[in-house]
Amino acid sequence: MGTWDIGHFDSDTAADFSGDLDDAPRNKRAELIRDALTAVVGTTDYLDSDDAVVAVAAAALVAAQCPGGEPVTTAYGPDEPLPELPVELRRLAVQAIDRVVTEPSELLELWNEGGHEELWKEGIGRLRAVLAEAAG
């Protein structure tokens, strides 16, 4: 995992997802975010870390448009502005976050082994709280 910090975009995989969003036509960006979230929500088997990282990044983009959400200001986030995302993505993002932090999840295992799991979990918790509040 090419990860350099605990932020939602601080990995090669998340940065690549941002690039994919930038390369996509504006009217397809919400669909890419939905696909990233959906890919993990339906998973009951071992969740690959790359899928989980992309889902967390997608959830962070959804949360950025929620009341109380933190804007994505990192250089590794998308450069191109996102359209207003459908409100129903908020609930899907909560479900994706819940799946990422539920075993079996490779990303959860990697953070638990990496020594910074508490900071990562705090960030994930704040992200989930914003999304859950906005989802109603």
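**Salt bridges and a cavity in a predicted model**

K28 and E31 are joined by a salt bridge in which the closest N and O atoms lie 3.9 Å apart. The contact counts as a salt bridge because a side-chain nitrogen of Lys or Arg must lie within 4 Å of a carboxyl oxygen of Asp or Glu. How accessible are the two partners? K28 has a relative accessibility of 39% and therefore counts as partly exposed. E31, with a relative accessible area of 42%, is also partly exposed. Both values lead to this class because partly exposed covers what falls between buried, under 20%, and exposed, over 50%.

In total, the structure contains three salt bridges. Another of them brings together the side chains of R34 and E88, with a distance of 3.5 Å from N to O. This pair connects distant parts of the chain, since R34 belongs to helix α2 (residues 29-41), while E88 lies in the loop between α3 and α4 (89-100). The two residues are 54 residues apart. R34 has a relative accessible area of 31%, so this residue is partly exposed.

A further salt bridge is formed by D98 and R128, whose closest N and O atoms are 2.5 Å apart. Which elements does this pair link? D98 is in helix α4 and R128 is in helix α6 (residues 117-135). Here too the link is between distant parts of the chain, the partners being 30 residues apart. D98 is partly exposed because its relative accessible area is 28%. R128, at 31% relative accessibility, is likewise classed as partly exposed.

How many cavities of 30 Å³ or more does a search of the whole structure find? The search finds one. The volume of the largest cavity is about 100 Å³. Its lining is made up of 13 residues, and the closest to the centre are G7, H8, V53, W111 and W120.

α3 (49-64) and α5 (106-114) each provide at least two of the lining residues of the largest cavity.

Terms used
Residues are numbered from 1 along each chain as its sequence is written. This is a predicted model: local features need pLDDT of at least 70, side-chain atom pairs count only at pLDDT 80 or more; totals for chains, interfaces and linings use all residues. Side-chain values use heavy atoms; hydrogens and water are left out. On a 1 Å grid over the protein atoms alone, a cavity is a set of points where a 1.4 Å probe fits but cannot get out, and a pocket is an open set with protein on both sides within 12 Å along at least five of seven lines; lining residues have an atom within 4 Å of a point. Grid points are joined across faces, edges and corners, and a volume is the space filled by probe spheres set on the points. Helices (H or I, at least four residues) and strands (E, at least two) are DSSP runs, numbered from the N terminus. Buried means under 20% relative accessible area, exposed over 50%, partly exposed in between (1.4 Å probe, protein chains only).
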